[in-house]
Amino acid sequence: MASGDVIDQLRSAADALGGHACPADRLRAIQRAQDALDAAKAEAVVELEESRGFEDDGSSTPKAWLARELRLDPAEAGTLSRVGAALRDLPLVAEAFAAGRLRLAHVRELAFALKHVGREVVVEAQPWLLEVATACEPAELRRVVKALREAVYPDELDEAWVRGMERQDVRLSPVPEGWHLTGFLGAETGAKLDVVLRSLSAPRDADDDRSTAERRVDGFDELLTGVIEHGLPQDRGVRPHLTVTADHDTLAHAAGASREPGTHPAHLHGFGSIGKGLLGLLLCGSDATPVLTDVKHAVLDVGPTVRLATAAQRKAVNARQGGECAAPRCSAPVVHVHHVVWHSKGGPTDLANLVGLCPRCHTLVHRGLLHVDPVDHRFTVGSGAPVLARPSRYLQARRARKRVRHRRPQPWLSG
């Protein structure tokens with residue numbers, strides 16, 4: 001039969017499949033047809049290699065022919081070539097593939113096994129590998145192949161561990177938008193970080209609409225904040241800290257007391273210059289140690305460090321809000337404690353002037369896109385319009401303490 005007639009028949013079959021009223025039955029039929037075509041394609045690749053027909057069209061390899069004649073990308077062409085080789089070495093697999101009991105993805109995993117486990121081992125294990133392939137999804141077959149490789153080459157696990165230890169590195173590079181983090185962690189260190197990040201970045205409830213990336217970054221920020229809050233053992237009780245330098249006019253500008261242009265930007269040590277929005281955010285959630293300098297920036301006096309919110313106050317804010325950000329319709333966990341009347345504007349560090357926010361909402365406040373009323377703690381957008389007609393979670397908690405007491409216990413309340 002001419003190839004044109006075959007193509008016409010296949011198109012007619014596709015049109016007939018489109019007439020099925022039930023989409024589930026249509027999808028099942030299409031998948032069976034796709035599996036049959038994949039098997040026929042792989043068989044043709046084997047014949048092409050054995051006959052060296054690719055050379056007749058001026059191609060040096062079957063992979064080059066597949067890429068040029070079928071317009072496949074190199075990865076897909078390489079997959080077909082490896083699958084063809086696997087079918088030659090594994091006749092039982094080839095028979096099951098042609099009968100429709102396997103899919104192309106299964107054969108691809110067995111081709112991987114031939115290359116990375118060894119031909120003799122896989123040929124000998126072909127009967128039981130075929131049983132796994134016909135009964136399981138490709139992902140499960142991949143796990144079985146991986147276990148087989150580990151059993152055949154047990155020493156490679158320790159060799160890989162040593163190679164990973166030699167590659168370990170973490171680098172932080174300041175860029176205009178923030179910090180660029182790169183690196184590689186060994187198995188043990190990476191597992192520790194994975195456990196901590198998965199715990200800290202888990203969704204709090206069904207209403208947590210943060211993306212995976214946002215939850216992961218929030219969790220990482222919470223981890224670092226905890227380290228800075230409690231200090232490191234080798235620091236003998238002195239907490240690690242961020243250092244920001246700014247002149248008096250810049251501080252007044254960040255606090256909103258001055259709008260004079262031309263103030264010098266603040267400087268975050270290790271990073272570089274920062275704007276007044278980030279400066280205000282750092283001042284809001286940090287201890288401040290004033291340092292008096294002369295015109296030549298020589299240090300004349302160092303004032304006492306002022307604690308903006310005690311640990312007890314943080315716990316009280318968390319309990320009052322049920323552990324959730326005070327911004328309306330935000331169920332993210334409380335990470336930062338914010339002065340409603342900013343401390344830089346004279347706001348006291350009293351519970352009545354403190355509100356718990358998540359990092360995203362706290363950033364919006366300091367960007368001037370979200371405001372908190374100092375009297376009733378209602379939230380409004382930058383234009384002055386209310387975010388919601390109802391009061392914030394802060395006031396709801398105060399008015400409905402019974403409801404708050406019956407919330408799900410929070411891990412930060414333990415102990």
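**Whole chain.** I began with the accessible surface of the protein chain, which comes to about 25700 Å²; 56% of this area belongs to carbon and sulfur atoms. Accessible areas here come from the Shrake-Rupley method with a 1.4 Å probe, and for residues only the protein chains shown count as cover. I note for myself that this is a predicted model, where local features need pLDDT of at least 70, side-chain atom pairs count only at pLDDT 80 or more, and totals for chains, interfaces and linings use all residues. Residues are numbered from 1 along each chain as its sequence is written, and side-chain values use heavy atoms, with hydrogens and water left out.

I then found 18 helices and 11 strands in the protein chain. Helices (H or I, at least four residues) and strands (E, at least two) are DSSP runs, numbered from the N terminus. Of the 415 residues, 32% are buried; buried means under 20% relative accessible area, exposed means over 50%, and partly exposed lies in between (1.4 Å probe, protein chains only). For contacts (heavy atoms within 4.5 Å), I looked at pairs at least 6 apart in sequence, and 48% of these join residues at least 24 apart.

**The nonpolar patch.** Which residues make the nonpolar surface patch? I listed Val 170, Leu 172, Trp 179, Leu 181, Leu 185, Phe 220 and Leu 224, covering about 640 Å². β1 (169-175), β2 (178-184) and α12 (212-230) are the elements that give two or more residues to it. My note on the rule: patches are made of residues with over 30% relative accessible area and no salt bridge, with like charges joined within 9 Å and nonpolar side chains (Val, Leu, Ile, Met, Phe, Trp, Tyr) within 5 Å. A salt bridge is a side-chain nitrogen of Lys or Arg within 4 Å of a carboxyl oxygen of Asp or Glu. I checked Phe 220, found in helix α12, and its relative accessible area is 31%, so Phe 220 counts as partly exposed.

**Strand pairs.** I stayed with β1 and β2, which run antiparallel and are joined by seven bridges. Two strands pair if DSSP finds at least two bridges between them. A hairpin of two residues links β1 to β2, and Ser 173 stands opposite His 180 in β2.

What is the strand order in the open sheet of three strands? I read it as β3-β4-β5, with antiparallel pairing. β3 (244-245) and β5 (272-274) are the edge strands, each pairing on one side only. Two bridges join β3 to β4 (residues 266-268), and Val 244 stands opposite Leu 268 in β4.

Next I turned to β8 (residues 336-339), where His 336 and His 338 point one way and Val 337 and His 339 the other way. I found all of them buried.

The side chain of Glu 49 makes a polar contact with the side chain of Ser 81 at 3.2 Å. A polar contact is a pair of N or O atoms within 3.5 Å; within protein, one must be able to donate a hydrogen and the other to accept it, and residues adjacent in sequence count only if both atoms are side-chain atoms. Leaving out residues up to four places away in sequence, I see Glu 49 touching Phe 54, Pro 62, Ser 81 and Arg 88. Ser 81 belongs to helix α4 (residues 74-89) and is buried, because its relative accessible area is 18%. With the sequence limit of up to four places again, Ser 81 touches Val 45, Glu 49 and Leu 66.

**Loops.** I looked up two positive phi values in residues other than glycine. Arg 329 has phi near 60°, lies in the loop between α15 (311-320) and β8, and is exposed at 64% relative accessible area. His 377 has a positive phi of about 60° and lies in the loop between β10 and β11, but is buried, with a relative accessible area of 2%.

Arg 378 is found in the loop between β10 (370-372) and β11 (379-381), and is partly exposed at 32%. Arg 378 and Pro 328 are 50 residues apart in sequence, and I noted 8.9 Å between them, C-alpha to C-alpha.
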